[in-house]
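This report goes through one structure by contact type. Please keep the sequence and the model open while reading.

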Amino acid sequence: MTAFDHRPGVQPNATEDEWHEADAALRAHPDIVAALARRGITDLDLVLFDTWTYGFALIPEQYRDRRVGWADVWYRAAPGANPYAHPVNGLHPVIDLNRMELLEVGDTGVVEPPPVMGEYVPRLIPDYQAREDVRPVEISQPEGVSFGLDGYELRWQKWSLRIGFNYREGLVLHQVGYDDDGQVRPVAHRLSLAEMVVPYRDTSPEHYRRTAFDIGEWGLGFMTRSLEQHCDCLGEIRYLDATLHNAAGEPYRIPNAICLHEEDNGVLWKHVDAEAGAEVRRMRRMVISFHATVANYEYLVYWRFYTDGSIECEIRATGIMVTTALRPDETAPGTIVDTGTYAPFHQHFIVARLDLDVDGTDNTVYCCDSEAAPMGGDNPLGLTLTLRQTPLRTEAEGQQDYRWDTQRTWKVASDTRRNRLGTPTAYKLIPGSCFPPMMDPASPVFRRAEVIGHTLWVTPYDPAERWPAGEFCNQSERDEGLAAWTKQNRPIADADVVLWYVFGVHHITRPEDWPVMPADTVSFWLKPSGFFDRNPALDVPPS
Ligand SMILES: [Cu+2]
């Protein structure tokens, strides 16, 4: 550490060390032991305390000047069984995380646990029988991989980039460029996931505090887990380790934190001509990925680079949903997923920070709307479709919402370079998996995360602006990030722009998501749009 600044009135992120210390403190406290005994739970080895952070407005007033957490309590049916199968309902202790001191037992009454089957480990599933018709799939690259790694610099096909990693964003990609006829043309300066906000849309006593900022309050890097060959990644894999620090400031290593490999992705382009016959090319992509385990949930992050100049960011959400017993007098704002048990509806808003440099730093973002021209005059058949491209000139104009009726996209165009056709070279942000917040702007969680109020924000590059819901989200009251910065309404045309894209999982829970959730896959794309003069993948050789 080189400096320490005291910042009154804010809390830094919670740490995994605190999470473990809180577990130890709670299980040792006689009042908690007594609350568990009232529920017939006496084997503490089977209990898991899962401490969450929360927002200022929901913290009891007398504790607001402290560093606090509240906990879920879970119970394993047997050693090694799934703790998240059995919530200890009606018990949510509140704890001072600096002193590891119990502030409130948080016992709102015993609820008889319903009989559920919440196990996913084969030996614990009753009458388990594995399918017998799954034959192995092997991926082999007999001549080796087509990518090269020089330290943390990756080169693959015509792409080049540098790989970074930090406690908060996890994987970060730097200096993404594309080799065009011997010249490396910049596409992006830095790409990362900068925030994730997960409001549970349920005000019942079990769930009302559940508004996780998985990146700002905890850190995707801290929660990154080692990957395993043939399970997490298939084929010829190269791994990179990550080095982070614990709460005492000591370094530790996450082996195999980042996975690098190539994938075949079906047909890239094809045409069958009566005389020339069939020409087909296979699509190949370079995948850079990491997996974070956030208590009960898993987030799998994949950045993919394609032979046609496209970039895809895909997130897979899996793991185990939070569930609780449905009390007899309740109607659940969620889905019944097992006997007397429901999983609340919730949303995972992810904010991608896209510091693009399309052929340099002088870029303008255009909002692109397709519009049907009115019928009549020179449009007698009502066929004419026009593309309206509106330059975004200020931060206020840069606050954009997705429009299905115009198939809205956003184009990031160079103000200095033109292609052979005379138009500005550009990349397009093709939105995917975005959804509105569906939330009252006055609600406490929205005030902490105004970033979720728009699909896209555009700001001029400022190295100090990295955290879209503010640097200190833990116990926050207001969004001190994008909502505050953009009040300056700075110019963003012909500028070094940063795009903040909000997407994610609108999770209307399903019975099929229980007891472990098949990956819900969401993504968005960055595609060249006039960056090249023609299809850049004409030179991909036939297989
Ligand atoms: Cu979910």
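Which side chains meet in a salt bridge at 2.8 Å, N to O? Asp369 and Arg408 do. The partners are 39 residues apart in sequence, so the bridge ties separate parts together: Asp369 lies in strand S20 (residues 363-372), Arg408 in the loop between strand S21 (385-391) and strand S22 (409-418). Asp369 is buried, and Arg408 is buried too. The model is predicted.

## Salt bridges

The count of salt bridges comes to 34. Asp241 and Arg253 form one of them, with the closest N and O atoms 2.3 Å apart. This pair links distant parts of the chain, 12 residues apart: Asp241 sits in strand S11 (residues 238-245), Arg253 in strand S12 (residues 251-273). Asp241 has a relative accessible area of 30%, so it is partly exposed. Arg253 reaches 51% relative accessibility and therefore counts as exposed.

Arg281 bridges to Glu279, and here the closest N and O atoms are 2.9 Å apart. Is Arg281 buried or exposed? Arg281 is buried, because its relative accessible area is 8% and the cut-off is under 20%. Glu279 is partly exposed, at 36%. Elsewhere, salt bridges join into a network of Glu263, Arg285, Arg304, Glu312, Glu314 and Arg316.

## Copper site

Which atoms coordinate the copper ion? The donors are Tyr297 (OH), His346 (NE2), His348 (NE2) and His507 (ND1), at 2.0 Å. Along the chain their spacing reads Y-x48-H-x1-H-x158-H. Tyr297 in strand S14 (residues 297-306) and His348 in strand S19 (residues 346-356) are 51 residues apart, a link between distant parts of the chain.

The angles among the four donor atoms run from 94 to 143 degrees. Tyr297 is buried at 3% relative accessibility, and His348 is buried at 1%.

S17 and strand S18 (residues 341-344) run antiparallel and are joined by four bridges. Within this pairing, Ile336 has Tyr342 in S18 as its bridge partner.

## Aromatic pairs

The whole structure holds 19 aromatic pairs. Among them is Tyr54 with Trp70, an edge-to-face pair at 6.5 Å centre to centre, with 65 degrees between the planes. Tyr54 lies in the loop between strand S1 (47-52) and strand S2 (68-75), and Trp70 in S2, so the pair ties together parts 16 residues apart in sequence. Both residues are buried: Tyr54 at 0% relative accessibility, Trp70 at 0%. The rings of Trp74 and Tyr84 have centres 5.0 Å apart and planes at 65 degrees, so this pair is edge-to-face. Trp74 lies in S2 and Tyr84 in the loop between S2 and strand S3 (94-96), so parts 10 residues apart in sequence are tied together. Trp74 is buried, as is Tyr84.

Ring pairs also build a cluster from Trp159, Tyr178, Phe305, Tyr427, Phe531 and Phe532.

## Charges over rings

Arg210 lies over the face of Tyr200, 5.8 Å from the ring centre. Lys527 lies over the face of Trp525, at 4.8 Å from the ring centre.

Key:
Residues are numbered from 1 along each chain as its sequence is written. This is a predicted model: local features need pLDDT of at least 70, side-chain atom pairs count only at pLDDT 80 or more; totals for chains, interfaces and linings use all residues. Side-chain values use heavy atoms; hydrogens and water are left out. A salt bridge is a side-chain nitrogen of Lys or Arg within 4 Å of a carboxyl oxygen of Asp or Glu. Helices (H or I, at least four residues) and strands (E, at least two) are DSSP runs, numbered from the N terminus. Buried means under 20% relative accessible area, exposed over 50%, partly exposed in between (1.4 Å probe, protein chains only). Donors are N, O and S atoms within 2.8 Å of the metal (3.2 Å for Na, K and Ca); water is not among the atoms, so sites may look incomplete. Four donors count as tetrahedral if all angles lie between 85 and 135 degrees; four count as square planar and six as octahedral if opposite donors are over 155 degrees apart and all others between 65 and 115; anything else is irregular. Two strands pair if DSSP finds at least two bridges between them. Rings of Phe, Tyr and Trp (its six-membered ring) pair if their centres lie within 6.5 Å; planes under 30 degrees apart count as stacked, over 60 as edge-to-face and the rest as tilted. A charge sits over a ring if NZ of Lys or CZ of Arg is within 6 Å of the ring centre and within 35 degrees of the ring normal.
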